[in-house]
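The following exercises ask the reader to examine a structure step by step. Each task is followed by a worked solution.

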Amino acid sequence: MTPEPAALRGRDPELELLGERLRNTRDYLGMSQQHVSDMTGIPRSAVSDIERGSRRVDSLELKKLARLYMRPVSYFLAKEEEADLGEHALAGLPRALVGLTDGDWEEVLSFAEFLKFRRAGEQEQERGE
């Protein structure tokens, strides 16, 4: 029995979700497929196929894309459709903080507090307080 051609089989929802996350991240960062190709060595046509969910991405390619997009690989592989980037970014935070000075640490903490208070203010405005 001859295997059914890939074009006739149903799409793989996991590949489509992975491709969508990769495309959305690339778009958010304002990168073209050609730029991604130039920076990773992955052919532009392969980037396009991966984003459409019509081509599997190997582990080394995904690692290159995640590094370029400054996201942990786990973000792209999460099974939930609405993966929380913050949850996955926390896993990469220690690596991002290596080599910071004490002054840098103070700035990071100060910025985190700023973001927390800004969000609280936005929530108050949404409630009409």
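**Exercise 1. Determine what follows helix 3 and which residues of helix 3 are buried.**

Solution. Begin at the end of the helix: in this predicted model, Gly-53 follows helix 3, and its phi is positive, near 80 degrees. Next, turn to the helix itself, which spans residues 44–52. Its buried residues are Ala-46, Val-47, Ser-48, Ile-50 and Glu-51. Finally, identify their partners: the buried residues of helix 3 pack against helix 1, helix 2 and helix 4.

**Exercise 2. State whether Glu-51 is buried or exposed, and list its contacts beyond its neighbours within four places in sequence.**

Solution. First, locate the residue: Glu-51 belongs to helix 3. Second, apply the cut-off, by which a residue is buried under 20% relative accessible area. Glu-51 has a relative accessible area of 4% and is therefore buried. Third, leave aside the neighbours within four places in sequence; Glu-51 is then in contact with Gly-19, Glu-20, Leu-22, Arg-23, Arg-26, Gln-33 and Tyr-69.

**Exercise 3. Carry out the corresponding analysis for Arg-26.**

Solution. Arg-26 is situated in helix 1. Its relative accessible area is 8%, so Arg-26 is buried. When residues up to four places away in sequence are not counted, Arg-26 touches Met-31, Ser-32, Gln-33, Val-36, Glu-51 and Tyr-69.

**Exercise 4. Describe how helix 2 and helix 3 pack, and classify the residues of their contact.**

Solution. Start with the geometry: the two helices, helix 2 and helix 3, pack at an angle of about 115 degrees, and their axes are 8 Å apart. Their crossing is right-handed. Then name the residues: helix 2 contributes Gln-33, Gln-34, Val-36 and Ser-37, while helix 3 contributes Arg-44, Val-47, Ser-48 and Glu-51. Lastly, sort them by class: the contact of helix 2 with helix 3 comprises two nonpolar, four polar and two charged residues.

**Exercise 5. Explain why helix 1 counts as roughly parallel to helix 4, and describe their contact.**

Solution. Helix 1 (residues 13–28) packs with helix 4 (residues 59–69) at an angle of about 30 degrees, the axes being 10 Å apart. Because angles under 35 degrees count as roughly parallel, helix 1 is roughly parallel to helix 4. The crossing of helix 1 and helix 4 is left-handed. On one side of the contact are Leu-18, Leu-22, Thr-25 and Arg-26 of helix 1; on the other are Leu-62, Leu-65 and Tyr-69 of helix 4. By class, this contact has five nonpolar, one polar and one charged residues.

Conventions. Residues are numbered from 1 along each chain as its sequence is written. This is a predicted model: local features need pLDDT of at least 70, side-chain atom pairs count only at pLDDT 80 or more; totals for chains, interfaces and linings use all residues. Side-chain values use heavy atoms; hydrogens and water are left out. Axes are lines fitted to C-alpha atoms, for helices over the stretch in contact, and angles run from 0 to 180 degrees between N-to-C directions. Helices (H or I, at least four residues) and strands (E, at least two) are DSSP runs, numbered from the N terminus. Angles under 35 degrees count as roughly parallel, over 145 as roughly antiparallel, 65 to 115 as roughly perpendicular and the rest as oblique. A crossing is left-handed if the near helix is turned anticlockwise from the far one by less than a right angle, and right-handed if clockwise. Contact means heavy atoms within 4.5 Å. Ala, Val, Leu, Ile, Met, Phe, Trp, Tyr, Cys and Pro count as nonpolar, Asp, Glu, Lys and Arg as charged, and the others, Gly among them, as polar. Buried means under 20% relative accessible area, exposed over 50%, partly exposed in between (1.4 Å probe, protein chains only).
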